[in-house]
Amino acid sequence: MRQDRANTDQLAAEVSLLYRTSQMSALQQRLETASGEMGGRLMVLDESGKVQLDSFSELNGSRLELPEVIGILALNQTADYGVHQLNESADQSLDFHFLKRYDTTSEWVAYCTSALSQDGTIIGVLLFSSPIQDMMERLFALQDRMVLYFLVAAAAAMAIALVFSRVLTRPIAALTRSIQRMGHGDFSVRVPTRGSGEMRKLSETFNAMSEKLEMLDSSRNQFVSNASHELKTPLATMKILLESIIYQPDMEQAVRTEFLTDINKEIDRLNMIIGDLLTLVSMDSQTMRLNRTTFSLSQVVKDTAHRLQPVAEMHHQELKLAINDRCDMYADCAKLSQVVYNLMENALKYTQEGGSIRVRLIRSGRDAVLTVTDNGPGIPKEDQPHIFDRFYRVDKARSRETGGTGLGLSIVHQMVLMHGGSVSVESEEGHGATFTVELPIHQG
Ligand SMILES: Nc1ncnc2c1ncn2[C@@H]1O[C@H](COP(=O)(O)OP(=O)(O)O)[C@@H](O)[C@H]1O
Ligand SMILES: [Mg+2]
């Protein structure tokens, strides 16, 4: 095509000379040879678009209103070209003749035009028309192939995208379902941890979380059922006592008073349990914050001993203090008072008549160390890991008898943890027990 245009332009220079000088037969000769060489039809048109010479000698005198001719004559271009698809209705056209002449089934032709000029004015047009069916067919075949390639590539891309999205979304969908189940209160759900990378990490994190929630859920249930049980026991006792009073109107006054006193005791017990429960629950829900002030822990120990002295005396027990340091703390005074009280109260409560309790407070580095030792019955090895659990009591009957709730040590444990300290027990059955609390002093 480009070659055709170049040839047409080149020929136009030669032709315009012959045309200007009206050497018509030489021109006709030239057109016919060039037409053979270039493999198409060549025509010379005058400035009105009428055919003056035709290499096929057929269209002389007819007017050709092709866009490529108009481009030169009306729009003053020096050259133009175009590609056309022939149609049967144009039987009188240039194309029709062209096809007949070549005896071809060609449907596509290309036209190249070039201006013939004299001193800058256009005096005519050289028109070259050639069949380009071969080229167009190749072009269309290429186009068809391109469409096919495109469709295959698009289908492949879609298939790959589909597979990938399936692979990616399946674990996410499983996770979503699990989260929904968890939202409905089922904490036993776990997701499979297949594959690698982020998805695996996410699944593992989810499983760790649901495991923790399941544990929390079951310990909460355990707590609620234990608490209810603890509350029910005094209520049941009170009900029996009250019913006896109601259904025995002629009961002796002394017996009635005894029953009422027992009811009063049960009410105290209920109060105590509820108080302990509220302390624990508020620590759980983190609403209980540390209210830190500077105070002397040794003073707290002395005050507590003073408060418990009457109890010790009542049981002929000896309560001895050994305090080496003031232990000025920056901590929550009320909570640490409760820690000291609970430990000393236990020691007095579980130690037999005439026993002895030693309380020691020393400073060791950055810690205050409190030990409460008694020479009571001690705690069996198998119970030691559990005594800081809620409601855990070694001897239920004895604990109840002495007014225990089984919550005292778990409160101690939690309060010490809140202060960043630790609590432990050492005991041998029959040889007393020693509770040790280590608390960071945190002087502000
Ligand atoms: N000094 C001690 N000597 C022997 N046993 C103890 C002592 N302190 C605690 N225990 C045991 O640990 C259990 C848990 O103590 P605690 O949580 O304070 O509950 P309680 O309300 O029964 O005192 C007690 O029931 C008791 O069996
Ligand atoms: Mg106790």
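Student: Which of the 22 residues around ligand 1 come nearest?

Tutor: This is a predicted model. In it, Arg393, Val394, Gly404, Gly408 and Leu409 come nearest among the 22 residues around ligand 1. Two elements give two or more residues to that shell, namely α9 (333–350) and α11 (408–418).

Student: Which element gives the largest share of the shell around ligand 1?

Tutor: Helix α9 does, with four residues.

Student: How do the residues of that shell divide into nonpolar, polar and charged?

Tutor: The shell around ligand 1 has ten nonpolar residues, nine polar and three charged.

Student: Now the sheet. Through what do strands of a sheet pair?

Tutor: Strands pair through backbone hydrogen bonds, and the pairing is either parallel or antiparallel. Here, an open sheet of five strands has antiparallel pairing, and its strand order is β2-β1-β5-β4-β3.

Student: Which are the edge strands?

Tutor: They are β2 (51–54) and β3 (79–85), each of which pairs on one side only. Ignoring direction, neighbouring strands of this sheet are turned by 20° against each other on average.

Student: How many bridges join β4 to β5?

Tutor: Ten bridges join β4 (residues 108–118) and β5 (residues 121–131), and the two strands run antiparallel. As one position to look at, Thr113 stands opposite Leu127 of β5.

Student: Which strands does helix α2 touch where it packs on the sheet?

Tutor: Helix α2 (residues 24–38) touches β1 (41–46), β2 and β5. The direction of α2 makes about 145° with that of β1.

Key
Residues are numbered from 1 along each chain as its sequence is written. Chains are lettered from A and ligands numbered from 1 in the order in which they are written. This is a predicted model: local features need pLDDT of at least 70, side-chain atom pairs count only at pLDDT 80 or more; totals for chains, interfaces and linings use all residues. A residue is near a molecule or strand if its C-beta atom, placed from the backbone, lies within 6 Å of it. Ala, Val, Leu, Ile, Met, Phe, Trp, Tyr, Cys and Pro count as nonpolar, Asp, Glu, Lys and Arg as charged, and the others, Gly among them, as polar. Two strands pair if DSSP finds at least two bridges between them. Axes are lines fitted to C-alpha atoms, for helices over the stretch in contact, and angles run from 0 to 180 degrees between N-to-C directions. Two residues are in contact if their C-beta atoms, placed from the backbone, lie within 7 Å.
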